[in-house]
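Visitor: I have not looked at this one before. Can you walk me through it a piece at a time?
Guide: Go ahead and ask.

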2 protein chains.
Amino acid sequence: MTTRKLTDPSYADALDHATDLGATHERFLLPPGRIYLDGNSLGALPAGVPERVARAIRHEWGDGLIGSWLDAGWAGLADGVAAKLAPLLGVDPADIQLGDSTSVTLFKTLYAACRRRPDRRTILVDPTTFPTDGYVARGVADALGLELRWSEPGDPAAALDEHVAVLLVNHVDFRTGALLDLRETARAAHAAGALLLADICHSAGSVPMTLLDDDVDLAVGCTYKYLNGGPGAPAFGWVTPRLHAGLTHPIPGWWGHAEPFAMSLEYQPAAGAARMASGTPPVIALTALDAALDAFAGVEPAALRARSLSLTDYFIALVDDQCGTSVEVVTPRDGHRRGSQVSLRHPAAYGVVQALIARGVVGDFRAPDIARFGFAALYLSHRDVLAAVEELAAVLRTDEFAHPRFAVLQAIT
Amino acid sequence: MTTRKLTDPSYADALDHATDLGATHERFLLPPGRIYLDGNSLGALPAGVPERVARAIRHEWGDGLIGSWLDAGWAGLADGVAAKLAPLLGVDPADIQLGDSTSVTLFKTLYAACRRRPDRRTILVDPTTFPTDGYVARGVADALGLELRWSEPGDPAAALDEHVAVLLVNHVDFRTGALLDLRETARAAHAAGALLLADICHSAGSVPMTLLDDDVDLAVGCTYKYLNGGPGAPAFGWVTPRLHAGLTHPIPGWWGHAEPFAMSLEYQPAAGAARMASGTPPVIALTALDAALDAFAGVEPAALRARSLSLTDYFIALVDDQCGTSVEVVTPRDGHRRGSQVSLRHPAAYGVVQALIARGVVGDFRAPDIARFGFAALYLSHRDVLAAVEELAAVLRTDEFAHPRFAVLQAIT
């Protein structure tokens, strides 16, 4: 009877109803005939973006030209974006800085953090980190003459000691989808006298946060995943107000100057997190992001999280039910320890993902054996989840994943 | 008779005819009723951009979703842009890296340059530099424990000595419009054992370059001025092939990795200048830039320069003729020493610029007393120049610039 119930469309509809966000899927332009479970890599297109960007290009840039820095509000565009982001992160918008890539933002933020612990010589990183974080940490360590230390996988807090200046963690593990307890990690870092920098790329927009209350020190996030800002959209950095005084980083550009338009030869940092800015803001990209974030309007963070958990719970239950032991659920089954992604292990995971894409279900692959499925609560339904697992079960049942045409490797984070 | 001739529209038309680029102004969407002489700050909108960006958003992002990294060529987008830029710079496209802001690109490039001269402790900068360059140079100097030394204004080569690792110069002075001889400066830098890094923000797209032949070592440029890439468009960096081996910078992100999709924990730099990349490329902004650069299609760099010089020559001649001694031409009258901008000094320059804007002639102001006028040869005619100077002469004649409504300070670079 359980089997029947789980796979009954009316069961899916009941779950939808119980976690209703108000038809937010209508705020997205989704291609017909596909179930998109890769919003953890590149979010779907919010419906308001095309028209808003077209207007910015045609009227603000084309007609308004240079005057649009003031007339169209380009100079304050990032502030507007920060105001929309802040409630999802549990922070003050004034403490958010936007505009560079995630890598560059991480570099500046990690560098600034290390300089706040000048008597310490170690950056501590979990080796399960998204690889770029490790590269950037190495770059900062080399630049500052510090040591980069790798913790045991999955247990960075255990490696904390009196040498650690900054502990760099990923809020959600990009491979497994496991969620770290930031409050607990911050407490452990602070007990050791270290600062905590959280990479929230794979959680921002899907896992509501209380960064300030959790006493996290700094955070860096990507906006093109669950925040749906578009391919290569600008990243954001956040610095807790307690650390603002004396905050310095090595790319002091005119946009982080106290008086950007004074064109003075000496740099005077802007107040607060605004000093983390460097160059001219990317107006077109910020405009797209600003419009994209309107898809979150009126959505309670807790309700978003509840629907995300319901979608991933349902996916896991269906996989257990429909796929048996042919795949292993790598993601924690305890919702409190899970982001908004479910990862499955299969020896031919690449072929599984490709076969699913051919069937209209888009997930992605991470070497060597992980198939990832991201669940963006704003635009996915429980019926989507049901249909996706039906296709997955069919792929596994038919050995379709072993077909030669699914044998070429490709993957984009 | 000379006066008559200069201000005769048929004279302007004859100059246009003599420097014809093939009606390239039709490749831009210019607002009616305005003469835009601020393309040195923000270039006008190329006609191909709106449709191309709309397609990228609606179809590549919206329909293609994550698959567009390969299917729509996003992963190679920067390479296509580099191929269009390279002929304007006199370099190989493979040696160009794109994607970050100008400040960030300058930081990485200057840092990498300093590391190629590890036995030297000085970064030499001309104090007439665009201020951000000075801020970033200070940031690099602090990060590497080097000295930032200011030369005498306008004469950096004279301050070269055996301590200088890198000489950072601006190809065109953003205030005066004066053009530096890069070949001669490179020779001087190399004679002192230093590297030359040229900021070509105010020349790229208006002054054709032969960076490789001139033996310049590194260059950084902006794409939203004469290259018309749009507000906050991504910058580019160039590194001469001779310096590629062992080139390192402190923001090694996944996009500069030899195998970006391998997601390996250890960083392996990509070959050549590609290693200068850090984060995910800004796809929407690069798409706009790619479309924008099509406005240069088929235009010979030398012909572009000839028209630019003709426009600025004509502007200067008209100012001399129409404005008498009420303004001072700050820009060199020798075309070989001038970019594509003419700066005028006037004690009420801010009011002059504002009064001109009210009359439909858009220039800009730089403190304390400079009115700047940029001449984008692709979309301006000699009739535009004639009309602009007629308005300028009227503003100066009527003391319109002293009106209180033109008294609020604003300026954007």
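Visitor: Where does L65(A) lie?
Guide: L65(A) sits in the loop between α3 and α4 of chain A. Keep in mind that the model is predicted.

Visitor: What is phi of L65(A) near?
Guide: Phi of L65(A) is near 50 degrees, which is a positive value in a residue other than glycine.

Visitor: Next, the peptide bond from A367(A) to P368(A): cis or trans?
Guide: The bond from A367(A) to P368(A) is cis, with omega near 0 degrees. P368(A) is placed in the loop between β14 (364-366) and β15 (370-374) of chain A.

Visitor: And the peptide bond from A367(B) to P368(B), cis or trans?
Guide: That bond, from A367(B) to P368(B), is cis with omega near 0 degrees. The loop that holds P368(B) runs between β12 (364-366) and β13 (370-374) of chain B.

Visitor: Change of topic. How many residues does the contact take from chain A and from chain B?
Guide: The contact takes 76 residues from chain A and 76 residues from chain B.

Visitor: How much do chain A and chain B bury between them?
Guide: About 6400 Å² is buried between chain A and chain B, and 72% of it is on carbon and sulfur atoms. On the side of chain A that touches chain B, the residues divide into 46 nonpolar, 21 polar and nine charged.

Visitor: Which elements give two or more residues to the side of chain A that touches chain B?
Guide: They are β3 (45-46), α3 (49-63), α4 (68-71), α6 (102-115), α7 (131-144) and α9 (283-293) of chain A.

Visitor: How many salt bridges are there over all chains?
Guide: The count over all chains comes to 43 salt bridges. One of the pairs is R307(A) with D16(A), where the closest N and O atoms are 3.1 Å apart.

Visitor: Which parts does that pair tie together?
Guide: R307(A) lies in helix α10 (residues 301-323) of chain A and D16(A) in helix α2 (residues 9-18) of chain A, so the pair links parts that are 291 residues apart in sequence.

Visitor: On to sheets. What is the order of the open sheet of seven strands in chain A?
Guide: The order is β4-β10-β9-β8-β7-β5-β6 (chain A), and the pairing is mixed. At the edges stand β4 (96-98) and β6 (147-150) of chain A, each with a single partner strand, so one side of each has no neighbour in the sheet. Neighbouring strands of this sheet are turned by 20 degrees against each other on average, direction ignored.

Visitor: Do β5 and β6 of chain A run parallel or antiparallel?
Guide: Strand β5 (residues 122-125) of chain A and β6(A) run parallel, joined by four bridges. I123(A) has L148(A), in β6(A), as its bridge partner.

Visitor: Which strands does α6(A) touch?
Guide: α6(A) packs on the sheet and touches β4, β5, β7 (164-170), β8 (195-199), β9 (218-221) and β10 (236-239) of chain A. The direction of α6(A) makes about 170 degrees with that of β9(A). Helix α8 (residues 182-191) of chain A also packs on the sheet, touching β7 and β8 of chain A, and its direction makes about 150 degrees with that of β8(A).

Visitor: What about the open sheet of four strands in chain B, what is its order?
Guide: That order is β9-β10-β13-β12 (chain B), with antiparallel pairing. β9 (328-329) and β12 of chain B stand at the edges.

Technical notes: Residues numbered from 1 in each chain as written. Chains lettered and ligands numbered in written order. Predicted model: local features only at pLDDT ≥ 70, side-chain atom pairs only at ≥ 80, totals over all residues. Heavy atoms only, no water. Contact = heavy atoms within 4.5 Å. Buried area = accessible area lost by both parts, 1.4 Å probe. Nonpolar A, V, L, I, M, F, W, Y, C, P; charged D, E, K, R; others polar. Pairing = 2+ DSSP bridges. Axes fitted to C-alpha atoms, helices over the stretch in contact; angles between N-to-C directions. Salt bridge = Lys/Arg side-chain N within 4 Å of Asp/Glu carboxyl O.
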